[in-house]
Amino acid sequence: MENAQNLLKKYFGYESFRPGQDQIISHILDGEDCLGIMPTGAGKSVCYQIPAMLLPGVTIVISPLISLMKDQVDGLNEIGIPATYINSTLTDSEYSQTIENILYNVYKIIYVAPERLNSDTFINLLNRLDVSMITIDEAHCVSQWGHDFRPSYREIANVILNLKKRPIVSAFTATATQIVKDDIINLLHLSNPFTLTTGFDRKNLNFCVEIPESKKDFIIDFIEKNSKDSGIIYCLTRKTVDNLYEGLLNLGYNVSKYHGGMSENARTKSQEDFTYDRTQIMVATNAFGMGIDKSNIRYVIHYNMPKDLESYYQEAGRAGRDGDNSKCILLFSRADIVTNKFLIEQTTSDSNHKIEYDKLNDIIDYCNTDKCLRKYILEYFDETPTFDDCNNCSNCLSEIETTDITLDSKKILSCIKRMNERFGSGLVTDVLKGSKSAKIKSFGFDNLSTYGIMSEYTKDTIKDLIYFLITEGYIKCVGDKYPILVLDNSANDILFKDKQVLIKRKIEKIIPKNVATNSKEELDYDNNLFEILRSLRKEIAEINGIPPFIVFTDVSLKEMSTYFPTNVENMLEISGVGVNKLEKYGNIFIETINKYVVENNIEVQGRKVKNSKDSLVSDSISDDTESKNAPAKVKEDTRVVSYNLYKDGNSIDEISKVRGLKRQTIEGHLVKCYELGMDVDLEKDIHVEFEGIIFDAIDNLGFDKLRPLKDFLPSDVSYLDINYFVVKYKKNRLL
Ligand code: ADP
């Protein structure tokens, strides 16, 4: 396991395993089959990618999502893990090249689409390889009880049987119902698998239910405040998607849309624009689903209440896969209940209605409960949370205010009565609001005593009150296509017997700082630097043709904007920075951070990890103002003055003269800048030919003894040479 831990740091740049990861990895390494049931974002991939690197042969990953394979493979190649994929998107020549490479054992991980498994050629290929493990991603696809049944997943067991040597089989899913779990074990023929189910709680997600007066205004207000963040807005119907999309586009927002009514090309383009951060907002129906691997989705808003909590948790769970705090907001209106009932009637056979309605009632309760939302969800999924309040959902963070709406209810009910119970909620609302439309005039409704009696409210509020009375059973909605409002007998209790009607609303509650919350701690990061790094990330991603979150996650950028890593060593301490990423992007990020730190006179306090090793060159080149442990203390840094003069083409001697400082001091400045990853090329001032003997000397004697060592090296080795090569040696070692 020590090796696994090292690989986690080296490739992925993470300090420690997430819950469950280490157990699964160690069972796989012991040669056991495994089934990992972990929620989205829990980190299932690491559970098979690390063993894949440690097992002798190759690992085949069966994944249902062709659209994701390229990103997954790009992501692995970025961190230095040799991987490839085989699916129908490869051209003939790409395919042949890939097969050739596979036979040369170039890769440790090969992603394949399940459809491949039907072909003998593929089985023959597998039999020519040393397959250590077969991993089945999204393993619930094997079960017809899961939501994404894929018949070709049924072939997997057969393929494994036909292999010369049975590999380890590991399967992963986020779906945990018992029936699906049993199907996975039976249909994939897992052999006595180690099964691990981690909790469903996602601490970094903040759940909210809002009942805004105007959903559109709520959205605009929200995206205005979070304009740089990526987020998805889910709507129940294509029409709502189109309307909201147009509305936001007209207001100048950077927005994409996605639904089943669009052409495949248009959908692909939308998804790509969103993945590559070209657009920030995705307005979509639930057709925008499984193929989303984007880790930096900071919010998921449901414009309408979905049909059940399973769909809700799955869709909302697409936020915050990178582990960073993210919001999941459900905008509830009572009209959504009606739409969902309508959809149930339209789409399912009668026999299923009861189940569908029960599930709908559960999500309606979720929207109306005043208890902890997180607890509600976890209990719904049969977990037993250990807390009563998470202090990180809209219910825990608000207080319930009860309002008496008896008078408003009377106005609405009598208006429906006066309109002879023959019209829908739209027209009733218009009459109460006092709309001047021709339709109202033509019916003579402007003469009713209820005309305009609720003109002080918005139409959305009036509608919401009407739907409240529907859900409470005082009003019935009759008819399918154009439902009309009819009074229930119980309405008479309000109209004539003064029955009181109460509605509960939430108001924000201030939680004292010392109260424990079930949330991930928020970093106090420098937002300006974060924005600079975010656009740098985007630029790099565009150049390399990969999505920005593959370059670095939001979490990595936020850590950089908190700890200001200004040298290679500190950069490696940032979560998500492994050696490969450091090699590829380390310098440019370090340089950018350095520049920011200098320009803003930021005093860099210390390292993220306190007990890391001392700066290796500090002994030999430190100037007096610098303490041994501090990284770049760049405030009014004398080194930067020397650096700028050097970059302007002045020689070390000239700088020394101009600045009135010893040559050795200037050398120290420049080597330090080199160490910090700034763009300084000292090769013309050093003796390149001494690299070998200095490296040998370091190998034999370590860094500490270098200064006395000068006496033992040839006399023309300068201090500059020694200091420079110490840094170079150190950088090589870290890479
Ligand atoms: P899942 O497949 O379970 O939805 P992923 O494998 O995509 O989740 O992982 C979600 C995110 O969490 C990725 O950005 C991944 O790199 C990150 N991650 C995984 N393991 C760790 C870890 N031990 N420490 C920090 N981040 C991790």
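The protein is divided into domain 1 (2–197), domain 2 (205–397), domain 3 (403–508) and domain 4 (686–735). The model is predicted. It holds 32 helices and 17 strands.

**Overall build**

- Along the principal axes, the C-alpha atoms fill a box of roughly 105 × 70 × 50 Å.
- Domain 3 and domain 4 have C-alpha centres 85 Å apart.
- The chain of the protein counts 735 residues, and 53% of them are buried.
- Take the contacts in the protein with a separation of 6 or more: residues 24 or more positions apart account for 73% of them.

**Ligand site**

- Tyr14 places a polar side-chain atom 2.6 Å from an oxygen atom of the ligand.
- Arg321 also uses its side chain: a polar atom there lies 2.7 Å from a ligand oxygen atom.
- Gly43 comes in through its backbone, with an N or O atom 3.0 Å from an oxygen atom of the ligand.
- On its own the ligand has 560 Å² of accessible area, and the protein covers 85% of it.

- Gln21 lies in helix 2 (residues 21–29).
- Gln21 counts as buried because its relative accessibility is 4%, under the 20% cut-off.
- Beyond four places in sequence, Gln21 is in contact with Met38, Ala42, Gly43, Val46 and Cys47.
- One of these contacts, Gly43, is the residue whose backbone lies 3.0 Å from a ligand oxygen atom.

**Asp229, a buried acidic residue in a loop**

- Asp229 sits in the loop between helix 9 (215–225) and strand 9 (230–234).
- Its relative accessibility is 18%, so Asp229 counts as buried; the limit is under 20%.
- Not counting residues up to four places away in sequence, Asp229 touches Gln280, Arg298, Tyr299 and Arg534.
- The side chains of Asp229 and Arg534 are joined by a polar contact of 3.2 Å.

**Lys257, a buried lysine in a strand**

- Lys257 belongs to strand 10 (residues 255–258).
- At 19% relative accessibility, Lys257 is classed as buried, again because the class takes values under 20%.
- The side chain of Lys257 makes a polar contact of 2.8 Å with the side chain of Asp242.
- With residues up to four places away left out, Lys257 touches Val241, Asp242, Tyr245, Met262, Ser270, Met282 and Val283.
- Ile233 is 24 residues from Lys257 along the chain, and their C-alpha atoms are separated by 9.3 Å.

- Most residues other than glycine have a negative phi.
- Asn105 is not a glycine, yet its phi is positive, about 55°.
- Asn105 lies in the loop between helix 5 (92–103) and strand 4 (109–112).
- Asn105 counts as exposed because its relative accessibility is 59%, over the 50% cut-off.
- Asp498 has a positive phi too, near 55°, and is a residue other than glycine.
- Asp498 is placed in the loop between helix 20 (491–497) and strand 17 (502–508).
- The relative accessibility of Asp498 is 57%, so Asp498 counts as exposed.

Key:
Residues are numbered from 1 along each chain as its sequence is written. This is a predicted model: local features need pLDDT of at least 70, side-chain atom pairs count only at pLDDT 80 or more; totals for chains, interfaces and linings use all residues. Side-chain values use heavy atoms; hydrogens and water are left out. A polar contact is a pair of N or O atoms within 3.5 Å; within protein, one must be able to donate a hydrogen and the other to accept it, and residues adjacent in sequence count only if both atoms are side-chain atoms. Accessible areas come from the Shrake-Rupley method with a 1.4 Å probe; for residues, only the protein chains shown count as cover. Helices (H or I, at least four residues) and strands (E, at least two) are DSSP runs, numbered from the N terminus. Buried means under 20% relative accessible area, exposed over 50%, partly exposed in between (1.4 Å probe, protein chains only). Contact means heavy atoms within 4.5 Å. Domain bounds come from an automatic or database domain assignment.
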